[in-house]
Amino acid sequence: MYVVGEEEIEAVAEVIRSGRLFRYGVGDRCDTFEQRYAAYLDVPHCALTASGTYGLAAALIGLGVGPGHEVLVPAHTYMATATAVLAAGAIPVIVDVDESLTMDPAAVDDAVGPRTRALIPVHMWGTAAHLDALGEIARRRELLVIEDACQGVGGGYEGRRFGAIGDAAGFSFNYYKNMTAGEGGAVVVRDPEAFERARCAIDPCHFYWQGRSEAQKPFAGIGARPSEIMAAMLLVQLGRIDDLVAKMRQERDAILEGTQSLRALGFVPAPLHSPRWDCGAQAIFTMPSAQSARRFVEVFPAVVAGDTGRHNYTEWDQVLMRKGAHHEAMDPFRLPENQGCRSDYHKDMCARSLEIVGRTVMVATDPQHDEQDVADLVHDVGIAARVALGDSDADPAQVRRTRTIDREKFDLVDAAAPGA
Ligand SMILES: Cc1ncc(COP(=O)(O)O)c(C=O)c1O
C-alpha cells in the first residue's frame, strides 16, 4: 500500500521544469536512485526498469537462464512470475504453496528435475517466502534463486532486505506497490557480469551512453528503460518506506494480537516466516473451510486468496494455453531445446494450493490508519470471524464501520465464476 502526495508532485515538477527527462547524459535521478536503493538493500548493484515483470525477466536473462531450463514458480503469485520465465525462453514449472501462501519447500524439493535451473520464491502479499529452507534446497540441488520481491518492497527476511538474499531479485513499483511511480521496477543481480547482461536486457543501447569494456558482450534486449520522472518519485518514497512498512507491520500485529482468543474457534493466523522483517501489508488467516472463509468476507470486506484472479495459476491463461510468445518460432513451448522440459499444465495440478487459498482470508493494513481505525478494524474482524465460525452471540450488525474493497487491486474474480 503506497502513499503519494505533495512531495512527489514537487519532485516531478522539478524534473519537468529542468527539461531533463532522459536518464543518460542529462538527468541524474535514475543513477541516484539505483545507488541509494542498492545501498538500502545492501547489494552491490541495482538497475531501474519499466516494470517488475521486466525486472524478473532481466534477472533471468542476466543469470543465463533460458531455453533448455525449467524454473520453479509458486501456484499462488501474480502471473508475471511465470510469464517472465517465458520471456527469458525457459519453461515455468508450477509448484504448490503451503498455508503461508508462499512456495512450499517440500513441493520444491519434489519438483526438481534434471532440467531445473532456478526457483523463484515470491514474497507474496509482502510476507516472506521460507528462504532458509528454499536456500538449503537450492544449494543442495545446485539451483539459482531469484526472489520475486515485487510485492515485498521495504520488507525483509531475518535481518536482511528482500532481494539481498537470492542470486537476483525483481521489484515492482506499479500502481499498488509499497513504493510507486504508477509503473516501474528494479532488478538486482549479485554477480557483476550477470548484472551487466541484465542491464543490456533493460536497455541494449546503454553501452552507447555509458561505455563498454572489451569483455562486455551486447545483445539485442527488448528494452524497458526507466524515466527520470519515475526515479524522482521513487527517491521521495525511499525516504519514507521504512516508516510506512513499520506502520503496516504494527497494524498487522495489532490484528493478530486482538484476535488471539479466536484461534480456538479456528481463526488461525497463517504461518509467517519472518514477521519482524516482512511488510505486514496483510493480516492473513487460515480458516477451517471455504464456507467459513466466504462467510467471513460477507461480514467483513476482506479478500479470499483464492478469489484473487491472476494471482492463482488457474487464471494464467497464456501459460495454461502454452502460448509463450507472439510468434510460434520464438515460443519457448515449441523450441527444440525445451522439448525435454515439463509443461503439462492443467487446472487441478496444484489442488492442495487451491484448497488452501480457498480458505485463506486477508485483511489489508493501511499506513494511514490512526489508533481508532485500528481498534475498529480489530473489533470488526473479530465479529466477522465469530459469525463465520458459528458463534451465535456474534451478529453482523455489531460491525462498527462500513468498508469497501478495492476489487481492482486484488484482481478479484466473482466467486461464482467458472475457474474462480
Ligand atoms: C508477485 C508479483 N510478481 C511480478 C509482478 C509484476 O510487476 P509489474 O506489474 O510491475 O510488471 C507483480 C505485480 O503485480 C507481482 O505482484
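**Chatting through a predicted model**

Biologist: Which residue of strand 13 stands opposite Val303?

Modeller: Val303 stands opposite Met362 in strand 13. Strands here are DSSP runs of E with at least two residues, helices are runs of H or I with at least four, and both are numbered from the N terminus. This is a predicted model, so local features need pLDDT of at least 70 and side-chain atom pairs count only at pLDDT 80 or more, while totals for chains, interfaces and linings use all residues. Residues are numbered from 1 along each chain as its sequence is written, and side-chain values use heavy atoms, leaving out hydrogens and water.

Biologist: Which way do strand 12 and strand 13 run, and how many bridges join them?

Modeller: They run antiparallel, and 2 bridges join strand 12 to strand 13 (residues 360-364). Two strands count as paired if DSSP finds at least two bridges between them.

Biologist: What is the order of the strands in that open sheet?

Modeller: The sheet has 4 strands in the order 10-11-13-12, with antiparallel pairing. Strand 10 (268-269) and strand 12 (303-304) are the edge strands, as each pairs on one side only.

Biologist: Where is Gln282, and is Gln282 buried or exposed?

Modeller: You'll find Gln282 in strand 11 (residues 282-286). Its relative accessibility is 5%, so Gln282 counts as buried. Buried means under 20% relative accessible area, exposed over 50%, and partly exposed in between, using a 1.4 Å probe and protein chains only. A polar atom of the Gln282 side chain lies 3.3 Å from the backbone nitrogen of Ala364.

Biologist: New topic! Why is strand 3 largely enclosed?

Modeller: Strand 3 (residues 91-95) is largely enclosed by the rest of the structure because 5 of its 5 residues are buried. Ile91, Val93 and Val95 point one way and Pro92 and Ile94 the other, and all of them are buried.

Biologist: In what sense do strand 2 and strand 3 pair?

Modeller: Strand 2 (residues 70-74) and strand 3 pair in the parallel sense, over 5 bridges. Within that pairing, Val73 has Ile94 of strand 3 as its bridge partner.

Biologist: On to the ligand. How many residues surround the ligand, and which are the closest?

Modeller: There are 16 residues around the ligand, and the closest are Gly52, Thr53, Asp148, Ser172 and Lys177. A residue is near a molecule or strand if one of its heavy atoms lies within 4 Å of it. The shell divides into 5 nonpolar, 9 polar and 2 charged residues. In that count, Ala, Val, Leu, Ile, Met, Phe, Trp, Tyr, Cys and Pro are nonpolar, Asp, Glu, Lys and Arg are charged, and the others, Gly among them, are polar.

Biologist: How many Å is an oxygen atom of the ligand from Ser172?

Modeller: A ligand oxygen sits 2.7 Å from an N or O atom in the Ser172 side chain. Another entry on the list is Gly52, with a polar backbone atom 2.8 Å from an oxygen atom of the ligand. For Asn174, an N or O atom of the side chain is 3.0 Å from a ligand oxygen. The protein covers 93% of the 390 Å² of accessible area that the ligand has on its own, with areas from the Shrake-Rupley method and a 1.4 Å probe.

Biologist: Which elements give two or more residues to the shell?

Modeller: Those are helix 3 (52-62) and helix 4. Helix 3 gives the largest share, 3 residues.

Biologist: Is helix 3 mostly covered or mostly exposed?

Modeller: Mostly covered, as 10 of its 11 residues are buried. Among them are Gly52, Tyr54, Leu56 and Ile61. At its N-terminal end, Ser51 caps the helix, with a side-chain oxygen 3.5 Å from the backbone nitrogen of Thr53. After helix 3 comes Gly64, whose phi is positive, near 80°.

Biologist: Last one: where is Gly163?

Modeller: Gly163 lies in the loop between strand 7 (160-161) and strand 8 (168-172). At 0% relative accessibility, Gly163 counts as buried. Gly163 and His123 are 40 residues apart in sequence, and their C-alpha atoms are 9.9 Å apart in space.

Note on methods
A polar contact is a pair of N or O atoms within 3.5 Å; within protein, one must be able to donate a hydrogen and the other to accept it, and residues adjacent in sequence count only if both atoms are side-chain atoms.
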